[in-house]
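Work through the following exercises with the sequence and the model in view. Each task is followed by a stepwise solution.

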Amino acid sequence: MSEEEAAKKFNLELDGLFAGGKRPASGADPLMDAAEKLIRADFSGESEIRVLLRERLIAEKSGAGGFLEIIRSLRRNTWTQAALASACLLSLLLPVMRTERRNDIVALTPVTKTSPAVVKAGLPGKPGNKTAPAGNPAAAARAIAGPAVSDFFRSVPMGSLSGERLHNFPIETSAEQFPIVVAEGRRSDSPAGTEVRWETEHVVITLENRVISPEDLFERRSL
Amino acid sequence: MDFAEIYDRYFPGIYNYARYRVGSPADADDVAARTFEAALAGLGAYDAARGPERVWLFGIARNMVADFFRRRIRRGEVFLEDIPEQIGTEPHIEDLLAGKEEVRLLLEAVSVLDARSRDIVALKFSSGMTNRDIAHMTGLGESNVGLIIYRAVKKMQASLAAKGKI
């Protein structure tokens, strides 16, 4: 019997053993004895992770399965599908919409002078231009960007911006004129510098021009 | 197909395959764990039409053993597949007391095989796959697989006989 024939016969008997059959009663066969030992061998009792690994993987599968079940249940509902499709479409378009809005804002910056942004946007930037009136940002916004951008600019009453009433400022008007009187300009006592004084009805304002050090403004402390 | 059922049915086979291939119980645990983690991750992509789950699972295990040896080589460690590190020539008293001498001798007999023969014998006796499935997995011819198994078992039988166990 050639080796190929012996190998074929051996493998046939081996497959019979795997299929749960019995060995042919043709006498002792040391090769089949060895094969039987290999088939019976089970080393998995040595494993130290078998139980823990099973618990961990099945817990992971439960988590993933729960999520997948939610997705499947969502897919079964037509309205949910439509809502998901809308949400996806919106999330795709949102960056584009934001980019367009940002371009509108950039175009507002050159109201009084020409800048690269204006050149890029192809807008006139000279002061006094009818489409971009200087000194009035809200009007400029309406003129340049149209009504959509004008919503960004609204006139706010000055009273809501200041905490105090205007007439509390020490300079009061008198007959539509500020009664500010320049008293004199004279050299101060400091080593270097001059000062100018304005005298009003209630206060004296002094403008000094002198050299100062940081210590004059800030208190230096050390641990 | 329930993962718990797959795990319970195939863990012994996968562990045995890894044990034949990598030698130590700890490394076999590592390979088995990686195999079932990968199987769990790929369970949704498994297509029964492409082959039985047994072939799919042992294919993963085979890749994990290859990765194991690649990692060892990358780290500059000794190629354990060629050295039966955990299998001594003298029986340990603990093994004898636990009735594990036969296991030790079997592993020792497998360790004398070359890498390809060990892979095929491990696949055959751990999974019970047909020679055709093993041939498909390894890229060898079916008759060649049968011949390799025959020669390997013959060599192992001689090793066991030399120790008076058969």
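Among contacts in chain B between residues at least 6 apart in sequence, 63% join residues at least 24 apart; two residues are in contact if their C-beta atoms, placed from the backbone, lie within 7 Å. The model is predicted: local features need pLDDT of at least 70 and side-chain atom pairs pLDDT 80 or more, while totals for chains, interfaces and linings use all residues. Residues are numbered from 1 along each chain as its sequence is written, with chains lettered from A and ligands numbered from 1 in the order in which they are written.

**Exercise 1.** State how many helices and strands chain B has.

Solution. Take helices (H or I, at least four residues) and strands (E, at least two) as DSSP runs, numbered from the N terminus. Chain B then has eight helices and zero strands. Along the sequence the pattern reads α-α-α-α-α-α-α-α.

**Exercise 2.** Classify B:Trp56 as buried, partly exposed or exposed.

Solution. First, locate the residue: B:Trp56 is in helix H3 of chain B. Next, apply the cut-offs: a residue is buried if 20 or more other C-beta atoms, placed from the backbone, lie within 10 Å of its own, exposed if 12 or fewer, and partly exposed in between. B:Trp56 has 18 C-beta neighbours inside 10 Å, so it counts as partly exposed. Finally, list its contacts: leaving aside neighbours within four places in sequence, B:Trp56 touches B:Tyr46 and B:Gly51.

**Exercise 3.** Describe how helices H1 and H3 of chain B pack.

Solution. Begin with the geometry. H1 (residues 3-22) and H3 (residues 53-74) of chain B pack at an angle of about 35°, with their axes 10 Å apart. Axes are lines fitted to C-alpha atoms, for helices over the stretch in contact, and angles run from 0 to 180 degrees between N-to-C directions. Then list residues: among those that meet are B:Ile14 and B:Ala18 in H1(B), and B:Leu57 and B:Ala61 in H3(B). By class, this contact has 11 nonpolar, no polar and two charged residues. Here Ala, Val, Leu, Ile, Met, Phe, Trp, Tyr, Cys and Pro count as nonpolar, Asp, Glu, Lys and Arg as charged, and the others, Gly among them, as polar.

**Exercise 4.** Which residues does B:Ile14 touch, not counting those up to four places away in sequence?

Solution. B:Ile14 touches B:Ala32, B:Thr35, B:Leu57 and B:Ala61.
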